[in-house]
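Please look through the sequence and the model shown here before reading on.

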Amino acid sequence: MIKVAPKEVKEITQEFIPENVEMSENVVSIDRISRTVKGGRRIRFRAIVVIGNRNGRVGVGTGKAADVQGAIAKAKHDAEKTMIDVPIVNGTISHPIMEVYGTSRVILKPAPLGHSVIAGGSVRAVVELSGIANIVSKSIGSANALNNAMATFHALKKLSLEKGRKKDFKP
């Protein structure tokens, strides 16, 4: 049986989301990718971009192109298409959650007020641009920036306003 979050919590989270907030973007990584073809190697670039309004909306995107600017533009467009709303309660998340994406495993835990963001690499980029101010995270397994960013993104997508959901956290 799923319990619905209290009406006051929904009103509080909806109240603090301004309508016209400018999006911030963070280029997590730019990788040079080569493909071997008959005449030699073809060089392309892959960019991973995180965009968010630092107030509950975040998106992650990837793009590939022959030049760096084109790859960043494609990744930014992809991130805008995948925007999600993140439920933030008192500057943190409502319950611990773990997500696996590929060989990367990301654990996100709520932190008390004033603890700040304890995260590294692409996890920090996704969490900060979503507007979470206090969180503890751990990346286990692969150090791949794309897999860690996507695992964090999917974990934030699965969050709810309910407290203590044990089924989402299996160490």
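## A serine in a strand

Ser137 is found in strand β8, where helices (H or I, at least four residues) and strands (E, at least two) are DSSP runs numbered from the N terminus. The model is a predicted one, in which local features need pLDDT of at least 70 and side-chain atom pairs count only at pLDDT 80 or more, while totals for chains, interfaces and linings use all residues. Residues are numbered from 1 along each chain as its sequence is written, and side-chain values use heavy atoms, with hydrogens and water left out.

With a relative accessible area of 14%, Ser137 is buried; buried means under 20% relative accessible area, exposed over 50%, and partly exposed in between, with a 1.4 Å probe and protein chains only. When neighbours within four places in sequence are set aside, Ser137 is in contact (heavy atoms within 4.5 Å) with Ile107, Leu108, Ile118, Ala119 and Val123.

## Strand pairing

Strand β8, residues 135-141, pairs with β6 in the antiparallel sense over seven bridges, and two strands are said to pair if DSSP finds at least two bridges between them. Within this pairing, Ser104 has Gly141 of β8 as its bridge partner.

Strand β6 (residues 104-110) also runs antiparallel to strand β5 (residues 97-101), to which five bridges join it. Glu99 stands opposite Val106 of β6, and in the hairpin of β5 and β6, with two residues between the strands, Gly102 takes a positive phi near 65°.

## The chain as a whole

The protein chain holds four helices and eight strands, and along the sequence these follow the pattern α-β-β-β-α-β-β-β-β-α-β-α. Of its 171 residues, 38% are buried. Among the contacts with a separation of 6 or more, 62% are between residues 24 or more positions apart. The accessible surface, computed by the Shrake-Rupley method with a 1.4 Å probe, comes to about 10000 Å², and 52% of this belongs to carbon and sulfur atoms.

## Two loop residues with positive phi

Most residues other than glycine have a negative phi. Asn90, although not a glycine, has a positive phi of about 55°; Asn90 sits in the loop between β4 (84-85) and β5, and is exposed, with a relative accessible area of 69%.

Ser116, another residue other than glycine, has a positive phi near 70°. The loop between β6 and β7 (117-118) contains Ser116, which counts as partly exposed at 35% relative accessibility.
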